[in-house]
Amino acid sequence: MTDTDRPFDSLALPRFCGVATFMRLPQAASADGLDVAVLGLPSDNGSPFRTGARFGPQAIRGASVMLRPINPYRGNIDVFSALRVADLGDAAVVPGYMPATLSHLEAAVHQVVDAGACPLLLGGDHGVSIASLRAIARAHGPLALVHFDAHSDTWDTYFGGERHSAGTPFRRAVEEGLVDPHRSLQMGLRGSLFTPDDVEQSRRLGYEVLSTDDMLAEGPTVLAARIAQRVQGAPVYLSFDLDVVDPGNAPGVQTPEVGGPSAREMMAILRALHDLDLVGADIVECNPLYDGPGAITALLGATVAAEILAMKAVLARRR
Ligand SMILES: [Mn+2]
């Protein structure tokens, strides 16, 4: 690993200088030789409510210049001496055209997987996840989904039969055999429902479902053990919808839901996760048009992404 593989040192060059890549990492044109490739999926074609997540990847990158390379919650690991990571920029999208956008996103993620790198994806609304799951499952087979979200996103159709939106990816993923629901969990659900059946529809698909109250009552350590037991060592796709966090700490999302975990509680849960065989992850629904002062949702998204990198770094160091 050379200095040019590492992020800019913010003790040498101030954070506000230069082009804002994720965590000030080098920018790369392809994922060749990388362990993890950061890729933006700037589509909000799938947003039934507040659009603007198309600006999420750049907002997360802008906030991520704050983050430093050492993770003290995982044995002071130097993430970028354990992993070769670069920022590939954004996938192409076709604003207003969902099928074309999903094809472009899938192709972009597939290029990353094909190069042998793990995609770390910055959304975009949650509708992007079906594209990345298609690309990643093609290489790894059915994935164990570890999904944090205030909503299940397992509805069937929207607006007279539309099958792809931010509210449908995890039903489509089961139908298409991309995730194994019996090794998957959805965590953090809360809030009002369209029908009394909204949560049961996920369980009928085979998912294990935990409400926000269940998740917080269990606590990080017990929850982490439950997740490890559920995924049974299968390749994991972690999908993190920022609306799982309370809108007080994450206002910049499409569909805020009152009464969620604080940023502190959520980070404690993520920091308790170890040893997951992560083959892909997304952080979605960052919408800077509705964000609070200080871009707090974007900063949370960046911090979640950095924690996922650190989790992978620990595994890579051990191998
Ligand atoms: Mn979602």
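**Note on the predicted model**

1. The charged end of R271 sits over the ring of Y73, at 3.6 Å from the ring centre. A charge is said to sit over a ring if NZ of Lys or CZ of Arg is within 6 Å of the ring centre and within 35 degrees of the ring normal.

2. A word on the basis of this note: the model is predicted, so local features need pLDDT of at least 70 and side-chain atom pairs count only at pLDDT 80 or more, while totals for chains, interfaces and linings use all residues. Residues are numbered from 1 along each chain as its sequence is written, and side-chain values use heavy atoms, with hydrogens and water left out.

3. The manganese ion has as protein donors H126 (ND1), D149 (OD), D153 (OD) and D241 (OD), which lie 2.1 to 2.2 Å from the ion. Donors are N, O and S atoms within 2.8 Å of the metal (3.2 Å for Na, K and Ca); water is not among the atoms, so sites may look incomplete. Along the chain the donors follow the spacing H-x22-D-x3-D-x87-D. H126 is in the loop between β5 (118-123) and α4 (129-140), and D153, 27 residues apart from it, is in the loop between β6 (144-148) and α5 (169-175). Helices (H or I, at least four residues) and strands (E, at least two) are DSSP runs, numbered from the N terminus. Both H126 and D153 are buried; the word means under 20% relative accessible area, with exposed over 50% and partly exposed in between (1.4 Å probe, protein chains only).

4. The largest pocket holds about 480 Å³ of space. H151, W155, S192, F194 and E257 are the closest to its centre among the 30 lining residues. On a 1 Å grid over the protein atoms alone, a pocket is an open set of points where a 1.4 Å probe fits, with protein on both sides within 12 Å along at least five of seven lines; lining residues have an atom within 4 Å of a point. Grid points are joined across faces, edges and corners, and the volume is the space filled by probe spheres set on the points.

5. The second largest pocket holds about 330 Å³ of space. Of its 18 lining residues, L67, R68, I70, R271 and T303 are the closest to the centre. Helix α10 gives the most to this lining, six residues.

6. The structure holds three aromatic pairs. One of them is F148 with F240, a tilted pair at 6.0 Å centre to centre and 50 degrees between the planes. F148 lies in strand β6 and F240 in strand β9 (residues 236-241), so this pair ties together parts that are 92 residues apart in sequence. F148 counts as buried because its relative accessibility is 0%. Y158 and F159 form an edge-to-face pair, 5.5 Å centre to centre and 70 degrees between the planes. Y158 is buried at 13% relative accessible area, whereas F159, at 67%, counts as exposed. Rings of Phe, Tyr and Trp (its six-membered ring) pair if their centres lie within 6.5 Å; planes under 30 degrees apart count as stacked, over 60 as edge-to-face and the rest as tilted.

7. Some backbone angles deserve a check. Most residues other than glycine have a negative phi, and most peptide bonds are trans. A cis peptide bond joins G123 and G124, with omega about 15 degrees. N76, not a glycine, has a positive phi of about 55 degrees and is exposed at 51% relative accessible area.
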